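Here is a friendly briefing to keep beside you while you look through this model. Take a moment with the view below, then follow the topics in turn.

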Amino acid sequence: MAYKHFDVFIIGSGIAGQTCAKKLAKEGLNVAIADDREFGGTCANRGCDPKKVIYGLTHILQRSNDLLGKGITTMPEYSWKDLMAYKCNFTDAVPAVTEEKLEDLNITLYHQSPEFIDQSTISVEGKTVTADKFVIATGLHPRNLGFDGCKLMKVSDDFLELETLPETMIFVGAGYIGMEFAHMAARCGVKVTVIDFAKRPLGNFDEDIVEELVKASKKLGIKFIFEADVRQVKHLRKNYEIEYLKDGKLQTAKAELIFNVAGRVPATEKLKLQKGNIEFNNNGIEVNSYLQNPTNKNVYACGDVSDHAVPLTPFSGREGSTVATNILAELNSKTTSKKKITFPPTPSVCFTIPNVASVGILEADAKNESLEYIVKSGDGKDWYNARRVNTSVYAYKIIIHKETDKILGAHLIGPQASEVINLFSMAIFKEMTAAELKQMVFAYPTWGTDVAAMV
C-alpha cells in the first residue's frame with residue numbers, strides 16, 4: 001500500500017492549528033491539516049465570536065432598561081430570529097474562507113479526525129499517512145456528565161443555533177458559558193435556572209466580585225441552585241425534568257430545554273493516542289516548555305488541548321506560532337533555534353452584564369504565597385461613569401505589592417470591565433507601580449479615567 005507522507009501533519013483547524021500550519025507552509029514545508037468539524041475552530045464558528053454578537057443585543061437591552069425614564073421612553077423591540085440571521089453573517093463564511101486560505105498555501109486538507117497507527121503513522125479518510133512531525137490542536141469539547149439521561153441535554157453549540165427561545169431553560173454549570181448564556185437568555189425573557197455542584201459560580205474569579213454578580217443575576221430573575229449533585233434527566237411530555245441531590249434530599253426542576261455547560265475537556269478520544277505513544281492526562285496532551293510531548297518527541301500540542309494551556313484564544317495563536325518555530329528548528333536547525341513558550345499577564349472576561357474581568361493574581365493566591373500585599377477595593381456605583389449610565393453594579397479589587405507598590409492583580413465588575421481590564425493587564429506586564437498608574441492621563445470622560453481612583 002502506498003503511503004502519503006508530509007513534513008508536518010496538523011490535527012485541528014482552530015487558531016492554534018491554523019497559525020502553525022500557515023507559518024510552516026510559508027517556510028516551504030509540505031503540510032497537511034485535518035478537522036472532523038467545520039474548518040476554523042470553535043471560537044470563530046461556535047464560540048467567542050457568535051456569542052459576542054448575541055451579547056451585543058442583550059447589552060442594548062440592559063442599557064435601555066437602565067435609562068428607562070431617563071431619556072428612553074419605551075424598551076426596544078427585538079427579534080431573536082433576526083439576531084440569529086445577523087450572527088450567521090459572522091459564522092457562515094468561516095469554514096470556506098479558512099479552507100481557501102490554507103489551500104492557497106498548498107496545505108492539504110482532510111475532513112476527518114485521524115487515528116494514530118503508530119508513532120509516525122495515522123489513518124485518515126481511509127488513507128495511511130506518515131509525517132515527520134505531528135501537531136495536535138483539537139481543542140476542547142463539552143464534558144460527558146455520565147448520568148442517566150445526560151444525552152437529552154443540549155450543549156453550547158445548540159444554544160447558538162436556537163431558532164426560537166423557550167419560556168424556560170436550565171443550565172447545568174456556572175462557569176463562563178453557563179453564566180454568559182444565562183444572562184443572554186434571561187434578558188430575552190426566558191425564565192432561567194443555573195445548577196452547579198460548587199458553592200458559587202466562576203471559581204476562577206475573585207469571590208467578592210462574583211458575589212456582586214450573583215446579586216445582579218438574581219435581580220435579573222436568574223435562579224441559582226448551588227452545591228447540587230445532578231443525578232438524572234428525564235424527558236416529559238413537554239418539558240425535561242432534572243433530578244439533583246441537595247442537602248441530602250433528592251429534588252427536581254423542570255424546563256423546556258436543559259443545557260450541559262458543566263465545563264469542557266480535551267478533544268482527544270478519537271485519536272487513539274496510546275498507539276502513537278503519546279502521553280496524556282485529564283488536562284490534555286502532556287507537553288514540556290517547548291510544547292513537545294515527552295514520550296513521542298515528534299508530537300507537539302498547542303491550544304486548549306495541551307495540558308498546561310489556559311483556554312483563551314490569545315494563547316492559542318501564540319502557542320501555534322511557538323510550535324511552528326520549534327518544528328522549523330528541528331527540521332532545519334541552521335536557520336532557527338527552539339523557543340520555550342512564555343505568556344504575558346493575560347486578562348480573562350466573563351461577558352455577563354455587568355462584565356466580570358480579572359488579570360494577575362487573586363487575593364487568595366497572594367495569601368497562599370505569603371506575599372506582603374495591600375488591597376484597594378471599593379464600590380464605584382456613585383462615580384460619574386456609573387451614574388451617567390445609571391448602573392447599580394460597579395466594583396473593583398486591586399492587589400498591590402506592599403513593598404514595591406507594583407500592581408499584582410486587578411478584579412473588576414461593571415459595564416465596561418472587559419475594556420478597562422486591558423489597562424491593568426498592560427500595567428502588570430510593564431511592572432508599573434500604583435503611583436505610576438495614578439500619574440497616567442486618560443481621556444475624559446472615559447471608563448479609563450476611573451483606573452487612578454482604583455489604585
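**A residue in strand β2**

Ala32 is part of strand β2, which covers residues 31–34. Please keep in mind that this is a predicted model.

**Ala32 and its surroundings**

- Is Ala32 buried or exposed? Ala32 is buried, because its relative accessible area is 0%, and the cut-off for buried is under 20%.
- Leaving aside residues up to four places away in sequence, Ala32 touches Phe6, Val8, Phe9, Ile10, Ile107, Thr108 and Tyr110.
- Gly146 sits 114 residues from Ala32 along the chain, and 35 Å separate the C-alpha atoms of the two.

- Strands β4 (residues 115–118) and β5 (residues 121–124) run antiparallel and are joined by three bridges.
- Two residues lie between β4 and β5 in the hairpin that they form.
- Asp118 has Thr121 of β5 opposite, and Thr121 also stands opposite Thr130 in β6.
- Four bridges link β5 with strand β6 (residues 127–136), again in the antiparallel sense.
- The hairpin of β5 and β6 has two residues between the strands, and Glu125 there takes a positive phi near 55 degrees.

**An open sheet of five strands**

- In what order do the five strands of the open sheet come? The order is β19-β20-β23-β22-β21, and the pairing is antiparallel.
- At the edges stand β19 (348–350) and β21 (373–379); each has a single partner strand, so one side of each is left without a neighbour in the sheet.
- On average, neighbouring strands of this sheet are turned by 10 degrees against each other, direction ignored.
- The antiparallel pairing of β19 with strand β20 (residues 355–360) runs over three bridges, and Val349 stands opposite Ala357 in β20.

**The second largest pocket**

- What volume does the second largest pocket have? Its volume is about 550 Å³.
- This pocket is lined by 25 residues, and the closest to its centre are Gln62, Asp66, Arg187, Lys219 and Ser392.
- Helices α3 (48–66) and α8 (207–220) each supply at least two residues of the lining, with α3 giving the most, at six residues.
- Sorted by class, the lining of the second largest pocket holds eleven nonpolar, six polar and eight charged residues.

Notes: Residues numbered from 1 in each chain as written. Predicted model: local features only at pLDDT ≥ 70, side-chain atom pairs only at ≥ 80, totals over all residues. Heavy atoms only, no water. 1 Å grid on protein atoms, 1.4 Å probe; cavity = no way out; pocket = protein on both sides within 12 Å on 5 of 7 lines; lining within 4 Å. Points joined across faces, edges and corners; volume = space filled by probe spheres on them. Nonpolar A, V, L, I, M, F, W, Y, C, P; charged D, E, K, R; others polar. Pairing = 2+ DSSP bridges. Buried < 20%, exposed > 50% of the residue type's maximum accessible area, 1.4 Å probe, protein only. Contact = heavy atoms within 4.5 Å. Axes fitted to C-alpha atoms, helices over the stretch in contact; angles between N-to-C directions.
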